[in-house]
Amino acid sequence: MGSTRQRARSVQDKELRKVALLDAARELAAEQGVREVTLTAVTARVGLHPSALRRYFESREELLLELAQGGWADWRDGLLAELGAARDLEPERVAALVAETMVRLPLFCDLLTHVALSLEGAVRIERARQYKLAAGGAYDRMVVAVVTASADLDKVAAQLLLTGAMTIGAYLYQLSQPTETLRRLYEEQPRWAHTALHFREQLTTLLTTIALGARPGVRPDVGGPLPDVVAGG
């Protein structure tokens with residue numbers, strides 16, 4: 001019995017340490033951006049040697065991919081809560097809600113870019129599969145919720161809207177977080193900034209355009225399947 005209790009405590013301690021590492025990575029990403037998160041900085045924040053992280057995550061990429069996976073759950077939960085029991089919402093309202101739920105998740109928007117560029121391709125296939133299943137499941141739930149709440153968005157329209165949200169949202173978020181060099185440049189030449197710093201407004205406008213144009217009978221029939229970008233890259 002004593003040995004069993006010790007193993008149980010060890011498992012619990014390991015899970016607590018894993019959560020602490022994720023929290024540290026989340027804090028650092030919020031402060032500096034995902035690209036600046038390093039294993040050394042993460043482990044230093046929780047008082048571990050960098051080599052100790054390997055007991056919990058095989059790499060920086062796996063650690064950040066887990067944050068991205070959690071982001072999908074947060075986006076799903078946020079959108080489902082916003083849509084609630086609503087019915088017959090106009091496309092503009094649905095688009096605004098989709099945009100707002102993304103705006104509330106800046107870390108997720110940042111991570112989506114890195115998922116596609118490096119994270120999911122740099123981990124073991126089993127871990128990549130786990131991410132894809134979780135992200136795809138969240139996406140499917142949101143598609144159903146959008147169709148149910150909308151007055152005239154069908155499944156294809158909902159897929160186009162959410163695919164637009166994740167791809168456009170990831171890109172616009174990066175534009176809205178310029179480096180110090182770009183900030184100084186924009187101050188000198190405001191016209192070069194355009195509306196890059198207006199993340200919410202740009203995202204809402206573009207998603208509204210997609211929602212209106214994706215309605216059955218309005219969207220063009222170009223043939224072929226939709227691109228499969230369900231799981232974030």
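Tryptophan 192 is partly exposed, with a relative accessible area of 40%. Keep in mind that the model is predicted.

**Exercise 1.** Where does tryptophan 192 sit, and which residues form a nonpolar surface patch with Trp192?

*Solution.* Start with the helix: tryptophan 192 is part of H9, residues 190-193. Next, check the exposure class. Buried means under 20% and exposed means over 50%, so 40% makes this tryptophan partly exposed.

**Exercise 2.** Is arginine 127 buried or exposed, and what does arginine 127 touch?

*Solution.* Find arginine 127 in helix H6, which covers residues 125-149. Its relative accessibility is 4%, and the cut-off for buried is under 20%, so arginine 127 counts as buried. Now skip the neighbours within four places in sequence: arginine 127 is in contact with Glu62, Leu65, Glu66 and Gln69.

**Exercise 3.** How do helices H5 and H7 pack?

*Solution.* Two packed helices are described by the angle between their axes and the distance between the axes. For H5 (residues 106-119) and H7 (residues 155-175), those come out at about 100° and 8 Å. Angles of 65 to 115 degrees count as roughly perpendicular, so that is the label for H5 against H7. The H5 side of the contact includes Pro106, Cys109 and His114, while H7 brings in residues including Met166, Gly169 and Tyr173.

**Exercise 4.** How many helices and strands does the protein chain have?

*Solution.* Count the elements: ten helices and zero strands. As for burial, 40% of the 233 residues count as buried.

Technical notes
Residues are numbered from 1 along each chain as its sequence is written. This is a predicted model: local features need pLDDT of at least 70, side-chain atom pairs count only at pLDDT 80 or more; totals for chains, interfaces and linings use all residues. Side-chain values use heavy atoms; hydrogens and water are left out. Helices (H or I, at least four residues) and strands (E, at least two) are DSSP runs, numbered from the N terminus. Buried means under 20% relative accessible area, exposed over 50%, partly exposed in between (1.4 Å probe, protein chains only). Axes are lines fitted to C-alpha atoms, for helices over the stretch in contact, and angles run from 0 to 180 degrees between N-to-C directions. Angles under 35 degrees count as roughly parallel, over 145 as roughly antiparallel, 65 to 115 as roughly perpendicular and the rest as oblique. Contact means heavy atoms within 4.5 Å.
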